[in-house]
Amino acid sequence: MVEIRAVADRAASAPVERVDERLARYSRPGTLSFATLPPLSLYVHLPWCLKKCPYCDFNSHEWQRRTASDADPSGSPLPEGRYLDALRADLESALPFVWGRRIHSIFIGGGTPSLFAPESIDRLLADVRARLPLEAGCEITLEANPGTFERDRFRGYRSAGVTRLSIGVQSFDDAKLQALGRVHDAAQARAAVEEARSAFDTFNIDLMYGLPGQTLDAWRADLETALAYDPPHLSAYHLTIEANTLFAKHPPRLPDDDLAAEMLDHLVQRTREVGIDRYEVSAYARPGHRCAHNLNYWQFGDYLGIGAGAHGKLTFPHRVVRQTRFRDPSRYMAEALADSALAQDVEVAREELPFEFMLNALRLPEGFELGRFSERTGLPIGAVERPLDEAERRGLLQRDLQRAWPTARGLDFLNDLQALFLPSPARR
Ligand SMILES: C[S@@+](CC[C@H](N)C(=O)[O-])C[C@H]1O[C@@H](n2cnc3c(N)ncnc32)[C@H](O)[C@@H]1O
Ligand code: SF4
């Protein structure tokens, strides 16, 4: 639930830059200067789900086999083999842009990655390892949905090299799961958590609150069920109605803002009581179990994104570049296999970098080291002196000589705090 930007696929007629042309463009001198490059993570997007949830605006697609040529030789209902071929080709095309860099973490997200067989995940990770050096202890997360696996599948993922499982539970209440249009029920949610717990040293439970018709007591009960599993990591998101979803067309009755705020207060208090600290707006972890991959996003690190619709951010000595792969899975596979998976790549304008940095870093209650701002944006800290002062004056931020961090009020009014760092004409 981290990369949330939809970009239309490149028009068929748009000119495709060759790799050497793109590399030459990235290597030109520029006004930014990076002494060191940030840690590099790898995101892999697997875009299929059994059924599209009515609130979901992620790049996820119900798989419907259309032609005999779509059939996978393994018998899987998904074109696993062809998609893995496309991911390998995508990765190979991206190598010249990350030469010499090691991979700090890997996240296999979706969609529903647990629809892919452990053998496929094994092949994917072998393909990655054969092409890119992984840092020692590299965290490798896979998103898994209850109701999409048979017993022992999770152990298969672990044998393939996955070190951390993120389970999309959402709720342990059958009625709420139904209201959310989920394919699993509470018993399957429990079975998935138990299986993850026995197969992995670290795992995450994804929950949502502010669900249709949810009371404070119902949310308390859901949270207690999750906490009873002693999860090393918990992500809890306020259900939002996203444009272009079924819920946007037919909105359900949701708890009002005051009730949702009470739910959040309860969440923050209960997690603190049991020693699972809030380290990001929606993320809670026991010591030693923070998600290294997501932290790298929030600390404005780099990431290569492969797979349909995947986003990437890469730093070069004089610029920061954002990339997007083709969004439609069929088109992505065709383009990636022809070495042209990129739908878009744009250089982030110098004046947009402060906002982009703060959009991430201010999600962390511990904020950021002032030196890291310069290290990651290539700009002097003086570039944000005025908005930092203004944020402090409004009680949204605090700082000392080393760090700046959002206050409790700043976290509550995060959009207002982040907006102070927008380039001038866009600022409210
Ligand atoms: C992209 S989903 C992938 C995980 C998996 N497919 C699933 O849904 O269980 C990641 C998480 O984002 C959260 N999420 C998705 N749509 C949301 C929405 N509209 N509002 C709040 N949270 C949402 C859910 O908690 C979900 O587990
Ligand atoms: S399972 Fe997850 S990714 Fe798939 S449609 Fe539902 S919320 Fe979206």
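In strand 7, Leu207 is the bridge partner of Gln170. The model is predicted.

- Strand 7 spans residues 202-209, and eight of its eight residues are buried.
- Both of its faces are covered, with Thr202, Asn204, Asp206 and Met208 on one side and Phe203, Ile205, Leu207 and Tyr209 on the other.
- Strand 6 (residues 164-170) pairs with strand 7 in the parallel sense over six bridges.
- Strand 8 (residues 233-238) also runs parallel to strand 7 and is joined to it by six bridges; here Tyr209 stands opposite His238.
- A right-handed β-α-β unit is made by strand 7, helix 7 (residues 216-228) and strand 8.

**Arg164**

- Arg164 belongs to strand 6.
- Arg164 is buried but has no salt bridge, and the nearest side chain of opposite charge, that of Glu139, is 4.4 Å away. The cut-off for a salt bridge is 4 Å between a side-chain nitrogen and a carboxyl oxygen.
- Beyond four places in sequence, the residues that Arg164 touches include Thr202 and Asn204, as well as Phe107, His233 and Cys291.

**Ser171**

- Ser171 sits in the loop between strand 6 and helix 5 (174-179).
- Ser171 has a relative accessible area of 0% and is therefore buried.
- Its side chain makes a polar contact with the side chain of Asp222 at 2.7 Å.
- Leu207 and Leu211 are among the residues that Ser171 touches, not counting those up to four places away in sequence.

**Salt bridges**

- The structure holds 29 salt bridges.
- One of them joins Asp302 and Arg101, with the closest N and O atoms 3.0 Å apart. Asp302 lies in strand 11 (residues 302-307) and Arg101 in the loop between helix 2 (80-94) and strand 4 (103-110), so this pair ties together parts 201 residues apart in sequence. Both Asp302 and Arg101 are buried.
- Glu347 and Arg319 meet in a salt bridge at 3.0 Å, N to O. Because Glu347 is in strand 14 (residues 342-347) and Arg319 in strand 13 (residues 319-325), the pair ties together parts that are 28 residues apart in sequence. Glu347 is partly exposed at 39% relative accessible area, whereas Arg319 is buried at 5%.
- Arg399 and Glu385 form a salt bridge with their closest N and O atoms 3.2 Å apart. Arg399 is in strand 16 (residues 397-399) and Glu385 in helix 14 (residues 385-393), 14 residues apart. Arg399 is partly exposed, with a relative accessible area of 22%, and Glu385 is partly exposed at 33%.
- A network of salt bridges links Asp85, Arg88, Glu92, Arg123, Asp127 and Arg131.

Notes
Residues are numbered from 1 along each chain as its sequence is written. Chains are lettered from A and ligands numbered from 1 in the order in which they are written. This is a predicted model: local features need pLDDT of at least 70, side-chain atom pairs count only at pLDDT 80 or more; totals for chains, interfaces and linings use all residues. Side-chain values use heavy atoms; hydrogens and water are left out. Buried means under 20% relative accessible area, exposed over 50%, partly exposed in between (1.4 Å probe, protein chains only). Helices (H or I, at least four residues) and strands (E, at least two) are DSSP runs, numbered from the N terminus. Two strands pair if DSSP finds at least two bridges between them. A crossover is right-handed if, with the strands pointing away from the viewer, the path from the first strand over the helix to the second runs clockwise. Lys and Arg count as positive and Asp and Glu as negative; His and the chain ends are not counted. Contact means heavy atoms within 4.5 Å. A polar contact is a pair of N or O atoms within 3.5 Å; within protein, one must be able to donate a hydrogen and the other to accept it, and residues adjacent in sequence count only if both atoms are side-chain atoms.
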